[in-house]
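Reader: Could you take me closely through the pockets of this model, with the criteria behind each term spelled out as you go?

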Amino acid sequence: TPKALAHKKSNSAVAAAPSTKLFDVLLSDTVLFAEGGGQPGDVGLVDGHECRHVIAKEGPKCIHVLEVELPVGKEVVVELNDSQWAARFDRMQQHTAQHILSAVARSPEGGNYQTVAWALYPDRTIIELEFPSTTTIEQMEEVSKHIEQMSNAVLRTGVEVKIEVFDDFNKLPAFVRSRGNIPTTGPIRTVQVPGVDFATCCGTHVKSVSDIQMLKVLGIERMRPAGAGEKVSTVRVAFIAGNRVLQALAASLERDKAISKALNGFTPEEFPKRVEAMMEELSSLNKAKKRLVAALASVDAHNLAAVAPTRIIQFHRSGSIEMPYLDAVAEELVPHLPETSLLVLTAAEELSGDGKGCFLLVGPPEDVSKACAIAREALEGKGGGKGRKVQGKCEHMEHLQQFYAKLHEAFP
């Protein structure tokens, strides 16, 4: 039974309310995994109190970050509840799958590709493989498919994963693999997938490869192309294993249902052609919209030009209008205005609701700068430009009348 050996105020950087006091409690032993070797640590319970973080010390001794102090010498119960165990088992599946995928890639049948780094994330696991610099991305994708198939063949064998602890370096088999220097004295922990991999490892693993069920490569990404004279390039391979595959499949099926409903009953097999047709239709509609916006801008500019110019020429257009419309109006109208006039154009979907819109100011540089400052204050506008023209977006177009009033006060 684990015992509390010591405690002190914690300085660990873990999520907690500012007023929460945390304590580092050293236990003689634990069932919780301390973060290390690329695998996240466990979150568990110590005498019913949540353990936020585990820090490995000497041998089985670990610091447990708790919200309570525990008396030195007190025997405690360390455990994981159902949800904490589910998270632990998920990481076990991903970690053992990583050993298998890396071992398969490293084998002659897999292509002799070495894993130089790995990381376990909440949604995927990553390994980084070294490929010859001459390898194309298409060849890398073929390799990823091949090692995926080989890895799943290993899972179907159902072999047991063997955990051994050696007390002396000299007792280790000569073919044991390690990512770093192996300690010369024990305990030295090893993880073996018979016939596939034998490595030193401190992480948690499943009892049998059949507990992983399945592994699926999600994709590859060339991280760093080989430079001049370099012989290798690094490629990131993302994968999921175990329950994550089932969860991903369930999520994919739900997306298919939602998309099928949105597309009025089209099946997943029909999605690509249907989306392609919709994109072509959208492109045609955007071109038509562009022509209509240009025509509308021309009409508005013509109408504004027909009115005798004043010190401030203000105009607002409601609807799905964006900056290109304001630019078109200004381009056609400005040549007909005195250089002393200040043109103030605004547009928004509506003058209520979220109040978002855009504005364009054209006129003498000093006036434009002054008007832009008023827009920032009255409309929460943000924009840029120089000289006679400034344009931008605003958050509160519902304050348009206040903006106009402040403009007329500034430019009587």
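Author: The lining of the largest pocket divides into 18 nonpolar, 16 polar and 8 charged residues, where Ala, Val, Leu, Ile, Met, Phe, Trp, Tyr, Cys and Pro count as nonpolar, Asp, Glu, Lys and Arg as charged, and the others, Gly among them, as polar. The model is a predicted one, in which local features need pLDDT of at least 70 and side-chain atom pairs count only at pLDDT 80 or more, whereas totals for chains, interfaces and linings use all residues. Residues are numbered from 1 along each chain as its sequence is written, and side-chain values use heavy atoms, with hydrogens and water left out.

About 1100 Å³ of space lies in this largest pocket. A pocket here is an open set of points, on a 1 Å grid over the protein atoms alone, where a 1.4 Å probe fits and which has protein on both sides within 12 Å along at least five of seven lines; lining residues have an atom within 4 Å of a point. Grid points are joined across faces, edges and corners, and the volume is the space filled by probe spheres set on the points. Of the 42 residues that line the largest pocket, F33, R189, C201, C202 and G203 are the closest to its centre. Two or more lining residues come from each of α1 (82–106), β8 (115–120), β11 (185–193) and β12 (197–200), the helices (H or I, at least four residues) and strands (E, at least two) being DSSP runs numbered from the N terminus. The largest share of this lining, 6 residues, belongs to α1.

The second largest pocket has a volume of about 230 Å³, and its lining is made up of N286, K289, K290, V293, A294, S320, I321, E322, P324, Y325 and A328. Both α4 (271–305) and α5 (323–333) supply at least two residues of that lining, with the largest share, 5 residues, coming from α4. By residue class, the lining of the second largest pocket divides into 6 nonpolar, 2 polar and 3 charged.

N112 lies in the loop between α1 and β8 and, although not a glycine, has a positive phi of about 65 degrees. N264, in the loop between α3 (243–262) and α4, is likewise a residue other than glycine with a positive phi, near 60 degrees.
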